[in-house]
Amino acid sequence: MRLSITSWSFPALTLKEVAGVASTLGIGAIDVGLFYRSALSRDAILSDSLAAAGALGGLGVDIANYYHLFGEGLAGRNLALPGTIDANARDLEKVLTFADAAGIATVFVLPGVVNAGQTREEAARVSAESLRVLAEVARGFRATLAIEPHVHSFAESPDVVRRLVDETGVQLVLDYAHFVCLGYRQAEIDPLATFAAHVHLRQARMGALQAKYAQGTINFPALFRTLREAGYGGALAIEPVHQDYMNTLFDDVMTEAVALRDCFLAYEEGW
């Protein structure tokens, strides 16, 4: 396992500056996405995937993961929205072409929300249909396609996520915080580690998607051991954020990132 850090953790920094922060912290990789000052251009990726990949050269760090949205926000062209499969599949081919050219190991999208007129079960069914089509697109590429179960999606419980994995074979970007804040115990989330393609790290507690390292309930050494025993060998992306979503505006991102880094390094030294 190795560390990465998410570019959207630092909304005021350029991508080059995020890479510099990562290097300063001794972290050799970053995650990239479509947010804030470090945002990649979705239009550029879709119009000329190879040129967009070439523009990422010279950062001095690896890119561990790309977070893609097919539309605007959580709901835009989400996987549970009927009628989006064909357009999303066309876009995914270009996204994965970009990822392969840039040497990005994993690409993740969101599983979808409960759209107007849907039940949670109907959203899950449409998302599963989408994922089966997208999985076929992904077969021709090196980059691994994954989804991140998250608060406000239809996939808010470990049981729902496990059913989606069983039905589609999809791999996960696993962030314990999204489940912990909804009241699930760490032991209830642990079985999903087997299906992780990428991992996000931030502290949380019931009712709070993000908490200060010393004030949350996630047992990170136990989490690292669970991942290792599951055979996980990918990136652990440090992801404390400063944004409006779920009231995550009030933590010192740098201090929290260093605490998570130090926890992992101490675990590795003891291992």
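Student: In this predicted model, at what angle do helix H9 and helix H10 pack, and how far apart are their axes?

Tutor: Helix H9 (residues 220–229) packs on helix H10 (residues 253–270) at an angle of about 55 degrees, and their axes are 10 Å apart.

Student: Which residues of H9 and H10 meet?

Tutor: From H9, Phe-220, Pro-221, Phe-224, Arg-225 and Arg-228 meet Leu-260, Cys-263, Phe-264, Tyr-267 and Glu-268 of H10. By class, this contact of H9 with H10 has seven nonpolar, three charged and no polar residues.

Student: What makes H5 and H6 oblique to each other?

Tutor: Helix H5 (residues 120–138) and helix H6 (residues 158–168) pack at an angle of about 40 degrees, with axes 10 Å apart. Roughly parallel requires an angle under 35 degrees; H5 and H6 are therefore oblique. Their crossing, that of H5 and H6, is right-handed.

Student: Which residues of H5 and H6 meet?

Tutor: Ala-124, Ser-127, Ala-128, Leu-131 and Arg-132 in H5 meet Leu-164, Glu-167 and Thr-168 in H6. The residues of this contact of H5 with H6 comprise four nonpolar, two polar and two charged.

Student: How do you know that Phe-98 is in contact with Leu-40?

Tutor: Contact requires heavy atoms within 4.5 Å, and Leu-40 is among the contacts of Phe-98 beyond four places in sequence, which also include Ile-45, Ser-49 and Tyr-66.

Definitions and conventions: Residues numbered from 1 in each chain as written. Predicted model: local features only at pLDDT ≥ 70, side-chain atom pairs only at ≥ 80, totals over all residues. Heavy atoms only, no water. Axes fitted to C-alpha atoms, helices over the stretch in contact; angles between N-to-C directions. Helix = DSSP H or I, 4+ residues; strand = E, 2+ residues; numbered from the N terminus. Parallel < 35°, antiparallel > 145°, perpendicular 65-115°, else oblique. Left-handed = near helix turned anticlockwise from the far one by under 90°. Nonpolar A, V, L, I, M, F, W, Y, C, P; charged D, E, K, R; others polar.
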